[in-house]
Amino acid sequence: MQSIEESLLNQLRSKFGTDAQLNDSLVMLGIDSVGMAELTYDLEQMYKIKVDDGLLNVDTVQDLVDYVRQRQSQ
């Protein structure tokens with residue numbers, strides 16, 4: 001089973017065609033508002049979580065990992 005870090009990095013690489021690293025900014029990776037909408041849907045499906053407004057505070061891939069982990073624990 002992949003860790004959240006591994007699965008998110010793989011998801012970002014396949015969906016956005018970028019070699020994402022944990023400390024990369026989502027904006028730097030080219031993830032715009034449409035990309036965030038797609039990513040939101042994917043996160044809800046992959047991790048069985050409900051994404052809320054807290055996602056707006058996510059700046060880096062590591063922040064995204066932390067967000068998913070926090071939502072899973074609720």
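The backbone nitrogen of V27 lies 3.2 Å from a polar atom of the S25 side chain, a polar contact in the sense of a pair of N or O atoms within 3.5 Å, where, within protein, one must be able to donate a hydrogen and the other to accept it, and where residues adjacent in sequence count only if both atoms are side-chain atoms. The model is a predicted one, in which local features need pLDDT of at least 70 and side-chain atom pairs count only at pLDDT 80 or more, while totals for chains, interfaces and linings use all residues. Residues are numbered from 1 along each chain as its sequence is written, and side-chain values use heavy atoms, with hydrogens and water left out.

S25 belongs to the loop between helix 1 and helix 2, helices being DSSP runs (H or I, at least four residues) numbered from the N terminus. S25 counts as partly exposed because its relative accessibility is 27%, given that buried means under 20% relative accessible area, exposed over 50%, and partly exposed in between (1.4 Å probe, protein chains only). Apart from neighbours within four places in sequence, S25 is in contact (heavy atoms within 4.5 Å) with D59 and T60. The C-alpha atom of S25 is also 9.0 Å from that of V58, 33 residues apart along the chain.

| Side-chain atom | Backbone nitrogen | Distance |
|---|---|---|
| S25, polar atom | V27 | 3.2 Å |
| D32, oxygen | V34 | 3.2 Å |

Helix 2 has 15 residues and reaches 21 Å from its first C-alpha to its last, close to the 21 Å expected at 1.5 Å a residue, where the expected span is 1.5 Å times one less than the number of residues. Buried in helix 2 are G35, M36, L39, D42, L43 and Y47. These buried residues line one face of the helix, because, seen down its axis, they fall within an arc of 125°, taken from the directions from the helix axis to the C-beta atoms. On the other side, S33, V34 and Y41 are exposed, whereas helix 1 and helix 3 are included in what covers the buried residues. After helix 2 comes K48, with a positive phi near 55°.

The largest nonpolar core has 21 residues, and L8, L43 and L55 have the most contacts inside it; such a core is a set of buried Ala, Val, Leu, Ile, Met, Phe, Trp, Tyr and Cys residues joined through side-chain atoms within 4.5 Å. Helix 1 (4–16), helix 2 (33–47) and helix 3 (61–72) each supply at least two residues of this core, and helix 3 gives the most, with five.
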